[in-house]
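Please read the following report alongside the sequence and the coordinates. It takes up backbone geometry, strand pairing, a helix, the nonpolar core and a pocket in turn.

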Amino acid sequence: MKIAVLIKQVPDTEEDRHLAPSGSVDRSASERVADEITERALEVALKEKDAAKGVEIVAVTMGPATATEALRKALSMGADSAIHIVDDSLAGSDALTTAKALGAGLRDANVDVIIAGNESTDGRGGVVPAMLAELLGLPFLGPLNTVEFTGSSVRGERQNAECTQELAAALPAVLSITERTGEARFPKFKGIMTAKRKPVAVYKAADLGLGGINHSVGNLVLGANKRPARGAGTKIVDDGNAAARLADYLSTENLI
């Protein structure tokens, strides 16, 4: 089985986010890290590799040259190889263009499963995995809380507002997972050292036939303001009717 895992480099979630003059996230204003949800997606693949023989994992990303840091992290965790789609002409791509680029990079990779996180921490769109499945003509399962591979098929559970659903599909397929699938492992020293020798295929837009894509269509940010400082809250002193005043406040704020 060959599994592709979509990896994304994002600004560190522990730091403040800033917007560039263009309206996009200023990725130079904070540390860059591999998105935690994509590391959890990789963990799903690594668990299958631990459990079965002959499993190959390829980490895939579209991003600037610095995104190779996230790929090397994936390789140090246990991925066997990587694909990096990097081209200045793809900067600022919307979700559809991103899905088209990833699909072009994976079209000839002969993978059985593509695993992604359900949404990135910088964009929160959550639509790229489904778009990728549509472009590749593959079934899409997600967002899954559990994943189980059974020979030539995959199954898992999805939680919605009304119930828990069980989904299944024949391979090849595209999956998106939630944080409930489990935490990602830490790279070991041996993995960090061997990651330097693992192959990373680099593709430009022209290599994948992406030159004609119009990626300028999408959301346009016209302006932004910094988040205001947190103000003082409402203080209720118990003078005999604090319970009633508290209930009135919660009702006014639509909290009850």
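## Backbone geometry in the loops

Arg 124 lies in the loop between strand E6 and helix H4, the latter covering residues 128-136. In this predicted model, Arg 124 has a positive phi of about 60° although it is not a glycine, and because its relative accessibility is 49%, Arg 124 counts as partly exposed. Asn 110 also has a positive phi without being glycine, with a value near 55°, and Asn 110 is placed in the loop between helix H3 (95-106) and E6. The relative accessibility of Asn 110 is 65%, and therefore Asn 110 counts as exposed.

As background to these values, most residues other than glycine have a negative phi, and most peptide bonds are trans. The bond from Gly 142 to Pro 143 is cis, with omega near -10°, and Pro 143 lies in strand E7. The bond that joins Leu 171 and Pro 172 is cis as well, with omega about 5°, and Pro 172 is found in the loop between strand E10 (164-170) and E11.

## Strand E11 and its partners

Which strands are joined to E11 by bridges, and how do they run? Strand E6, residues 113-117, runs parallel to E11 and is joined to it by 5 bridges, with Val 113 standing opposite Ala 173 of E11. Strand E7, residues 140-144, is likewise parallel to E11, and 3 bridges join the two; here Phe 140 has Val 174 of E11 as its bridge partner.

E11 itself, residues 173-177, is mostly covered, since 5 of its 5 residues are buried. Ala 173, Leu 175 and Ile 177 point one way from the strand, whereas Val 174 and Ser 176 point the other way, and all of these residues are buried.

## Helix H1

Helix H1 comprises 16 residues, 36-51, and at 1.5 Å a residue it should span 22 Å; its end C-alpha atoms are 23 Å apart, which agrees with that expectation.

## The largest nonpolar core

The largest nonpolar core holds 33 residues, and the members that touch the most other members are Val 5, Ile 7, Leu 42, Ile 57, Ile 115 and Leu 175. The elements that give two or more residues to this core are the strands E1 (2-6), E4 (56-62), E6, E7, E10 and E11, together with the helices H1 and H2 (68-77). H1 gives the most to this core, with 6 residues.

Rolling a probe the size of a water molecule over the atoms shows where empty space is left. The second largest pocket holds about 380 Å³ of space. Its lining is made up of Glu 15, Asp 16, Arg 17, His 18, Leu 19 and Val 25, along with Ala 224, Asn 225, Lys 226 and Arg 227. By residue class, this lining divides into 5 charged, 3 nonpolar and 2 polar residues.

Methods. Residues numbered from 1 in each chain as written. Predicted model: local features only at pLDDT ≥ 70, side-chain atom pairs only at ≥ 80, totals over all residues. Heavy atoms only, no water. Helix = DSSP H or I, 4+ residues; strand = E, 2+ residues; numbered from the N terminus. Expected span 1.5 Å × (residues − 1). 1 Å grid on protein atoms, 1.4 Å probe; cavity = no way out; pocket = protein on both sides within 12 Å on 5 of 7 lines; lining within 4 Å. Points joined across faces, edges and corners; volume = space filled by probe spheres on them. Nonpolar A, V, L, I, M, F, W, Y, C, P; charged D, E, K, R; others polar. Buried < 20%, exposed > 50% of the residue type's maximum accessible area, 1.4 Å probe, protein only. Pairing = 2+ DSSP bridges. Core = buried A, V, L, I, M, F, W, Y, C linked by side-chain atoms within 4.5 Å.
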